[in-house]
Amino acid sequence: MSNSILRSVDLEAWSFSRQVLHRVNFNVEENKILSVIGPRGSGKSTLLRCLNRLFEEKAGSVVSGQVYFDGQNIYEPQFDLFALRRKVAMIFSEPTLFEHLSVFENIALSLRLNQVESGAEIGVAVEKALNKLDLWEPLKDSLHKSPAKLSLGVKQMLCLARIMVLKPKVILLDEPTSVLGLQYTMLFEQFIKEYSKKVTLIMTTSSRKQAARISDRTAFMLNGELIEIGKTSDLFMNPKDHRTEDFLTGRFG
Amino acid sequence: MIAAQKLRLGKGQSILLSLYSLAIVCALIYLIIVILTFKHILLEQGMADFKTLLQWLKSTVIFVIPAVLIAIPFAGSLTFFIISDQHPMGISFLKSFLKITGEFPLLLFGLLITLVLRATPTAVFLIYILLAISRLTERWVSLLGEVKIFHLESAKSLGLNVFQIIYYIYWRRFYKTFLYHVIAVFFLLLGLVTPFVALGFFDENSPQLIATQLFFNLRTSPDTLSTLFLIIICFHSLRLIFDEKAKFSEVDNV
């Protein structure tokens, strides 16, 4: 596929002796949203973590197969892991801000990783990132305070701001709205829909409706296998595999 | 090492695992020796030598038992901590394990050797040092465990390298606690060591004699006040280490 930014070939993963991914082959198109759905324990989060090599950080984990990012296999030994993780960034299900650093420092940290060292430049970039998420006005007087007491929704949006200044090509979202209320879920979805014009997004979600609402393509996983992947409308309206149909119609999961 | 390879542990983790495995083996060997000695003296030489047994226990128990008491729980819990990786159960298990096995037996042991075996102040101080080490280790394992759960994966996902993680995640988070503990330990050691130095610790060979001198000195020497003052500093440092309210790490620095 000409506009594919990520491609996995025979991707398999083990956690200790248990195989958690079975020969996963798929393409991710550039500047689209791909949702990964499936019941709990189906391997969705493992798949995401294999795409930025975070899975292998866990004790007892083994990965085999290839993942091509911009045409290069990220599992080659000489591949720059730190650069990869800035280009294939990640948002977790719960906000993971560093609460011992201030709001400003959390975002500035990412800027420093992108070699932005000048104080003035950092200040402008932080304001710009917060403005994009409509957070500048509510937070401009609390920039140098800890984010510990902010609401989960604002924290998650700040995680997004922290990622945005890294200027990633792909963002992995691991059930990013699972702890958010309705208001912030809608804001979050609205923002990533808009942002997907510039960045590729791969999102796991336990909500079939959310996948149907915002994604261009959807993949269904079960017991570590990628059962089916296709255009969201096709997968929801005409699933090819009976297991996909069973899941979508609520027979299990 | 084979277990470490199977678990895909890092170099540091493997060394730690090996060291603590070794500690377990040493502790077990020591226990076997104790049991065999008991058997030998009681069964083969009769009860007449019971005093010898007590003497032998008294001379070794002060130094070895605390080490064993520390080695076993630390070995077990740290191994569990390493294996369980990011599982919160590992952390809470470790915390309670250290609390129960690390402190109370040491405290009881301290009382035991002080009262029953008429132990010297040297042994009591030794117990308190071990207690402080146990407490500090528990605190640091708990703090580092929090980082492991909440921050490390996030930091790695941002592409922070090892030095950036050390600075932004560990140093920025813990430098106040760290400095505070260093100061407390410094005063603790100062408080403990100075009286021994003043009493000519380095000129004497017998710990028993030094302890007697210290005891004697506390009662009669004109240096009593200064010695007492240093001991007060020492116990004040201990109190600081044990004071749960003094958690610098939880104070917001922004």
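Predicted model: local features only at pLDDT ≥ 70, side-chain atom pairs only at ≥ 80, totals over all residues.
**View 1. Where chain A meets chain B.** Chain A puts 25 residues into this contact, and chain B puts in 22. On the chain A side, the elements that supply two or more residues are α2 (81-87), β6 (88-91) and α3 (103-113). Helix α2(A) gives the largest share of that side, with four residues. Sort the chain A side by class and you get 11 nonpolar, nine polar and five charged residues.

View 2. The buried set includes charged side chains, Lys44(A) and Arg49(A), along with Ser45(A), Thr46(A), Leu47(A), Leu48(A), Cys50(A) and Leu51(A). Look just past α1(A) and you'll find Arg53(A), which has a positive phi of about 60 degrees.

**View 3. Helices α3 and α6 of chain A, packed together.** For α3(A) and α6 (residues 152-164) of chain A, the angle is about 30 degrees and the axes are 7 Å apart. Angles under 35 degrees count as roughly parallel, so α3(A) and α6(A) are roughly parallel to each other. On the α3(A) side, the contact is made by Val103(A), Asn106(A), Ile107(A) and Ser110(A), while α6(A) brings Leu158(A), Ala161(A) and Arg162(A). By class, that makes four nonpolar, two polar and one charged residues.

How values were computed. Residues numbered from 1 in each chain as written. Chains lettered and ligands numbered in written order. Contact = placed C-beta atoms within 7 Å. Buried ≥ 20, exposed ≤ 12 C-beta atoms within 10 Å, placed from the backbone. Axes fitted to C-alpha atoms, helices over the stretch in contact; angles between N-to-C directions. Parallel < 35°, antiparallel > 145°, perpendicular 65-115°, else oblique.
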